[in-house]
Amino acid sequence: MNKFKNILLTMTATLVIGGCAVTPEPVTHESLVQQRDDDMNRIFANQEPVDGPISLYEAMARALKYNMDNRVKLMEEALSVGELEVMRYDMLPELTLDAGYHWRDNEPGASSEALEGPRKGDESLEASKSIERIYFDNSLVMSWNVLDFGVSYVRSQQQANRVMIMKEKRRKVIQNIIQDVRYAYWRAVSAQEILPEMDDMLQQADDALAYASELEKLRLQTPMTPLRYQRSLLVLIRKLWTMREDLSTAKTELAALINIRPGTHFELADTGTINDSAAKRIETPVEELENLALLQRPELIEENYKKNITTLEVRKAMLSMFPGLEFSLGTHHQENKYLFNDSWNSVGYGITWNLFELISGPARMRTAEAQGDLADMRRMAMNMAVLTQVQLSYQRYHLALRNQKTIKQLDDVQSRITNNIVAGKRADREHALEVLRSETAALLARMRRHTAHAEVQNALGRVYNSVGFDPVPEQNYDTDVDELANNIQTRMEQLPTTL
């Protein structure tokens, strides 16, 4: 009967638990709207407002403080530090507090049976009990396993290396952001200066196209003349729109890097005539740049920390092969009237040895050593990649300077040609197409000059990036935007031509 009752209770409990099973629920539209609004507020919250034209160094400072990729890496670094703090607690002894109330529905009595003598097999003691049917007990025990301490210590050392890896990863993110901001900023400067002129020229081309259409309708000329005129205008308009398309996204790209809401209007400070000599000239021999890069590139320093982790993995595999020596110290109490002493203290020690760890240990050590060899090979491959990047960035930098010089000469020549054509033929409506062509060519040359300047700045940034240059050595970005911008400007301007 009792067995049937237990089965019935078990089935009832199972049905109740099954009825409480969780069912999936779709995300509601209201919660998505709320999440969207919250995210938008948090993305642009706690930022200093833009109260004037943005300089290059202010753009860099805003990117360092507010760029979302940088903030993600900062949080990942903080998380790795937190994980290191947690691992340090694993090296402490275990302190266990145990307390409980016990009840059973019948007496916990027992009898015994003789194993020897004439009464072997007979009951040697009447059924009796030495513990109450209802009792309470508690204990406080501290235990410490020497092997667990050693393994936890090695794991903490590995995590400490991972913290340093996260720091180097963040360094690389910052260096990439600074390079991207430099290029995007000068492209945005070009857009700010060229786009208004381009819009005026597009309007002139549209007016000329409308005039050509009127000529075709009036039939004052042979049909092919206005048609060829319209075709030439449309080719010019397409070229202008292609140029405009290339520039129109520059400010949006810069806004994303410095965490300004896309579509927000802002002005840039470095407008006016392009200073072709503004970019710092690098005269350091490429061999010195290579040696410098091999010392301070984040990726190479990161590989060193990874090597440390694999070395510690060998040590951890070796430790796991040893027996574990455990010590314990505790105090106990039990509310049981049958006990002669209801409170007592205990001390103990013991040895545990997982023989399977002993068998598999050599294989795990060989695997860890192979990982170390792989880390060495990966570091050497990274060294080769870094040397290649330094060489390529150095060559592209000097090619960009040479290209800039040629494009500057082309812009000057085209400007003089346009001035001569405009001076002689602007008053003649029939030669408006030739004037428009010349002005378009001049605008295209001026745009190429801006682009060449941006490419020189980009090539310069790539040299800095390939060497592992930090815009702010201390990586302290808690100051306000103006102070951080001044620090970056001082750092950049004090760089010698020989890094």
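**View 1. Phenylalanine 149 and tyrosine 153 both lie in helix α5 (residues 146–218).** The two residues are 4 residues apart, about one turn of the helix; helices are DSSP runs of H or I with at least four residues, numbered from the N terminus. The model is predicted: local features need pLDDT of at least 70, side-chain atom pairs count only at pLDDT 80 or more, and totals for chains, interfaces and linings use all residues. Residues are numbered from 1 along each chain as its sequence is written, and side-chain values use heavy atoms, with hydrogens and water left out. Phenylalanine 149 has a relative accessible area of 33% and is partly exposed, as is tyrosine 153 at 41% (buried means under 20% relative accessible area, exposed over 50%, partly exposed in between; 1.4 Å probe, protein chains only).

**View 2. Tyrosine 185 and tryptophan 186 form an edge-to-face pair.** The ring centres are 5.5 Å apart and the planes stand at 90° (rings of Phe, Tyr and Trp, the last by its six-membered ring, pair if their centres lie within 6.5 Å; planes under 30 degrees apart count as stacked, over 60 as edge-to-face and the rest as tilted). Tyrosine 185 and tryptophan 186 are both buried.

**View 3. Trp144, Phe149 and Tyr153 make up one aromatic cluster.** The whole structure contains 4 aromatic pairs. One of them is the stacked pair of phenylalanine 149 and tyrosine 153, at 6.5 Å centre to centre with 20° between the planes.

**View 4. The charged end of arginine 187 sits over the ring of tyrosine 183.** The distance to the ring centre is 6.0 Å (the criterion is NZ of Lys or CZ of Arg within 6 Å of the ring centre and within 35 degrees of the ring normal).

**View 5. Lysine 251 lies over the face of phenylalanine 266.** Lysine 251 is placed at 5.2 Å from the ring centre.
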